[in-house]
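Subject: Structure handover

Hello,

Here is the structure we talked about. Please load it first, then read the notes below.

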Amino acid sequence: MNGPGQTQPDYGLLACDVFADELVALGGESPPWRALTFLEMGLHDHPDQLRQQVQSSIAELEATPGISRIVLAYGLCGNGLLGVRAGRVPLVIPRAHDCIAMLLGSAARRQALMRDVPGGYFYSPGWIRGGRVPGPERDAYLRDLFQERYPDDPELVEDLLEADRDTFSHYHTALYVDVTQDDGARNKCQQCARSLSWSFRMLEGDPAWLRDLIWGQWDAERFLTVPPGASIALDGEALIAR
Amino acid sequence: MRTVKAPNDMSEILNTLTESIKAGKRKDAKAATEQALSENIDPQQILAALTMGMDDVGRRFKANEIFVPEVLVAARSMKSSMELLEPVLAESGYTPDHTVIIGTVEGDLHDIGKNLVAMMLKGANFSVVDLGTNVGAQAFVEAAQTHKASLIGLSALLTTTMTAMREAVALFREQGLAAKVMIGGAPITEQFAQDIGADGYATDAASSVDLARSLVA
Ligand code: B12
């Protein structure tokens, strides 16, 4: 098993770039992976595309010499990881539904927050970097996009932007999950909250799940190992290999 | 007085209506609906034109050709047309036989898909009671009893709230509700629907209508 201080990294890490800040921080100066591939976080809105890209990146990572395992910094992600198959080497994946649970350290904590703060929208440095979280950058991005798509119809563009703002009408709190003590990201989240007249709440992230993922502390309760040839499946709400 | 429209004009108006729904142009959709009504076009045909536009929007969203706001402006256009159409439908003796209770399950605030389904069900002559989002299982039970519903529709978009769906269906069974239960939302599969003992599941708004009809038949 790997661990801090271990010298010969032997796995390839395939990660959603929503985790870029946390993984770089937790990996330290001599990170435990042999190769690292980030995939774009926007893929989460299109589970089928996400599945295809993860599968083809696994094939590429496997071809890297010296790799005997692939570690996925992904959750089930709207079923996007369902059906992903291990090829030559086993896969290791957290038994998480999404990145929010991983940043908070456990599924139970995430469930409790969703219950206690039903109008809460989660932010993290990665989500903020993606520029699609509710707030001024999202507005600007969508305005450009729709103006380009409907150059002759400014009224429709305004309607579209209003419709987008409307989708957040049930929300009232920005929940910022902090793992990296990143003042810049936190400030941006506060700006988003202000622009929407939401309240801002700082949540202390728990790096344990991600840290144990990359440092090889793979207990069966929190991590699923998928042997070569098997694929990621669901049994009720639990991730299994089949 | 009643004038009979030449079929060509009629299909042109209905075509305009379908196109304005697709483009999310609320004013145009409203104008086309008003024109269709004043030309005495069969309200059922007007409804079909609206539905056809919305089906196309749903398809393009699934194919990643358009974004959520584009779906929403189309839905709003359809809604404003429906407001004009509903009284006419009611007048023509078209009154709902069945009540559906619909809502998004506890912990989940996604409602775009649920709203679309609700609207299409209304269009298909169901009386729809929409409980909104983050709805607890007990609230569904109470509403089903109060409104003597024949059908309950549950929506969930998060794999983490699919559990709430399972619990809700279990409660309905425990309470011996007569209403049939249909479920939907992007992560829902046929397998899951069977697992939790729902009566049916549908992947989009158009097939939700077929499903609802078959469940109350
Ligand atoms: C739009 C969207 C949002 C909007 C929602 C706006 C609103 N008012 O609904 C916003 C941005 C606010 C949002 C918030 C969040 N979201 Co969101 N969201 C989406 C997105 C991109 C599209 C969903 C949608 O509206 N689709 C359009 C409609 C038309 O399709 P539909 O919902 O599938 O509905 C159709 C069918 O499913 C069916 N149907 C639906 N309901 C029913 C009911 C019945 C009875 C029947 C028969 C049929 C049926 O018919 C519908 C019409 O065709 C999805 C990704 C995706 N592609 O699904 C993520 C997604 C669902 N969200 C996700 C996440 C993580 C969240 C947040 C937790 C993010 C955060 N940072 O806090 C919060 C949720 C908080 C909460 N408590 O709910 C994840 C879920 C991951 C998971 N754990 O399962 C997804 C999969 C994206 C992702 N991978 O990250 N989200």
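Let me start with the surroundings of the ligand. The shell around the ligand divides into 21 nonpolar, 13 polar and 6 charged residues. One caution before you go further: this is a predicted model.

**The ligand site**

The ligand sits between chains A and B. There are 40 residues around it, and five of them come nearest: A:D98, B:H110, B:D111, B:S155 and B:T159.

- B:H110: an N or O atom in its side chain is 2.8 Å from a nitrogen atom of the ligand.
- B:S155: a polar side-chain atom lies 2.8 Å from a ligand nitrogen atom.
- B:A205: here the backbone is involved, with an N or O atom 3.1 Å from an oxygen atom of the ligand.

Both chains supply secondary structure to the shell. From chain A, helix 4 (107-116) and strand 5 (120-123) each give at least two residues. From chain B, the elements that do so are helix 5 (112-123), strand 3 (151-155), strand 4 (180-184) and helix 9 (205-216). Helix 5 of chain B gives the most, with 4 residues.

**The two domains of chain B**

Chain B is assigned two domains: domain 1 covers 7-91 and domain 2 covers 99-216. In the contact between them, domain 1 of chain B places 13 residues and domain 2 of chain B places 9. Their centres, taken over C-alpha atoms, are 25 Å apart.

What is buried between domain 1 and domain 2 of chain B? About 830 Å², with 79% of it on carbon and sulfur atoms. Polar links across this interface are as follows. The rule finds 0 salt bridges. It finds 1 residue pair in polar contact, both residues being at pLDDT 80 or more.

By class, the domain 1 side has 8 nonpolar, 1 polar and 4 charged residues.

**Where to look**

For the ligand, begin with B:H110 and B:S155, whose side chains each have an atom 2.8 Å from a ligand nitrogen.

Best wishes

Technical notes:
Residues numbered from 1 in each chain as written. Chains lettered and ligands numbered in written order. Predicted model: local features only at pLDDT ≥ 70, side-chain atom pairs only at ≥ 80, totals over all residues. Heavy atoms only, no water. Domains from an automatic or database assignment. Contact = heavy atoms within 4.5 Å. Buried area = accessible area lost by both parts, 1.4 Å probe. Salt bridge = Lys/Arg side-chain N within 4 Å of Asp/Glu carboxyl O. Polar contact = N/O pair within 3.5 Å; in protein donor to acceptor, adjacent residues only side chain to side chain. Nonpolar A, V, L, I, M, F, W, Y, C, P; charged D, E, K, R; others polar. Near = heavy atom within 4 Å.
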